[in-house]
Amino acid sequence: MEELKRLLDTIIDDKLCQVTVSNPADKTKGSKIRVRPVLLKDKLMFQETVYRENKVFHSNHTTEEIKKRLLYYLQDNFRQAELTALEYTATVLISKKGKVTIKKKQIKTDDGVERPDRKEMLHHNRTKHYILEEGKPVDFLVGLGVQTPDGRIVKAKHDKFRQINRYLEFIEDIVKKLPTERPVRIIDFGCGKSYLTFAMYYYLHVLQGYSLEVTGLDLKEDVIDLCNALAKEYHYDNLHFEKGDISTFSGTGAVDMVVTLHACDTATDFALEKAVKWGARVILAVPCCQHEVNRQIVCSQLSNILKYGLIKERLSALITDAVRANLLEEMGYETQILEFIDMDNTPKNLLIRAVKKEGMRPKKANIRETTKFLHVETTLQKLLEEKAE
């Protein structure tokens, strides 16, 4: 095994592309293992993917840790490994008696061609690594029926898969706003079956290396039980789900990020008010079923537009989100309204993303002049006014 140790010492560095360990003696311990380099907070790490009994497990390790793990796997159970670096490939074969055979092959390149530094390549491709890809199985996607065990997307789940990736793009944009010196505290209101909650946890913890404490909240007890079981199965140790209502949830006083996706009507307002009260650094909200303004809006100047029910409904929804965004700006958040691909293929496809700006003076949006003109008063307005009293 000394020759194998020397090989791992020389190849597991910033020039490694991939390691595939296969041909197990006992498939119950795993059928295959893959290792690839990733950048976590600008630090070179190695992501290990273990395929075991139609399940996929991910973990991140330092250079020395991954060397020890690969050596253990090849001594304990696996009989073959394919290692690919920028300059050469190596094949490791281990006989039943433990004899190690290593074959190395130089990768030919044209003379005068400068090989790129591996870290530069990782920086260049980091976005690609951080977004979930078809063909690369992820444990929770397999468990929730989005992927097959070999990483193919289930035909009926392509929309969900695209939505998950779109959602991760929104998080990717704000990830550096989250604390690194302690666990990131996240509350997910109205989490439902939690495709996006699991995706968020996987992205931030497995791919980005953040320490997390995530709570999902929903009213459906059977959904909560399912999600807790899945989190336990995938060893998502700091992700748990509770039954509860957004409007009455007291929870904790220290939250870094609040997520509320498809919370119906004024439930979004209650979630936003709690996020403001907790001083959350990041808020992600995808509103749904906005009826409050539709019931109130009266404006003689817009009567020729509002007489059409469908137009009134859609305009009311847009006004609701615009009012929410302005109110968040007044509370010291830099706020955007972005297009979001909806999982259920409904018109409710807008996402409000708000990031707390330390030292930023609250903007005077004068949104109350607009709401007075339209004869509307939203729940979020009332809640924030009560908070200010």
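These are my notebook entries on a predicted protein model.

**Ground rules.** I worked from a predicted model, in which local features need pLDDT of at least 70 and side-chain atom pairs count only at pLDDT 80 or more, while totals for chains, interfaces and linings use all residues. Residues are numbered from 1 along each chain as its sequence is written, and side-chain values use heavy atoms, with hydrogens and water left out.

**Overall make-up.** I looked up the secondary structure and found 14 helices and 14 strands. Helices here are DSSP runs of H or I with at least four residues, strands are runs of E with at least two, and both are numbered from the N terminus. The protein has 389 residues, and 49% of them count as buried. Buried means under 20% relative accessible area, exposed means over 50%, and partly exposed lies in between (1.4 Å probe, protein chains only). The protein exposes about 19400 Å², of which carbon and sulfur atoms supply 49%; areas come from the Shrake-Rupley method with a 1.4 Å probe, and for residues only the protein chains shown count as cover. I also checked contacts, meaning heavy atoms within 4.5 Å. Among those between residues at least 6 apart in sequence, 66% join residues at least 24 apart.

**Cores.** Next I looked up nonpolar cores, which are sets of buried Ala, Val, Leu, Ile, Met, Phe, Trp, Tyr and Cys residues joined through side-chain atoms within 4.5 Å. In soluble globular proteins, nonpolar side chains tend to be buried together. The largest core has 53 residues, and L132, F140, I171 and F198 touch the most other members. Helix α7 (residues 195–207) gives the most to this core, with 11 residues.

**Salt bridges.** I take a salt bridge as a side-chain nitrogen of Lys or Arg within 4 Å of a carboxyl oxygen of Asp or Glu. The whole structure holds 18 of them. I looked at K67 and D9, whose closest N and O atoms are 3.4 Å apart. K67 lies in helix α2 (residues 63–76) and D9 in helix α1 (residues 2–11), so this pair ties together parts that are 58 residues apart in sequence. K67 is buried at 12% relative accessible area, whereas D9 is partly exposed at 46%.

D321 and R324 also form a salt bridge, at 3.2 Å from N to O. Both are in helix α12 (residues 309–330), 3 residues apart, which is about one helical turn. D321 is buried at 3%, and R324 is buried at 2%. I noted too that salt bridges with shared partners join D9, E64 and K67 into one network.

**Cysteines.** I searched for disulfides, pairs of cysteine sulfur atoms within 2.5 Å, and found 0. C288 is in no disulfide, and the nearest cysteine sulfur, that of C289, is 3.2 Å away. C288 is buried, with a relative accessible area of 13%.

**Surface.** Last, I looked up a nonpolar patch of about 290 Å², made by I305, Y308 and I311. Patches are made of residues with over 30% relative accessible area and no salt bridge, with nonpolar side chains (Val, Leu, Ile, Met, Phe, Trp, Tyr) joined within 5 Å and like charges within 9 Å. I305 is in helix α11 (residues 303–306) and is partly exposed at 41%.
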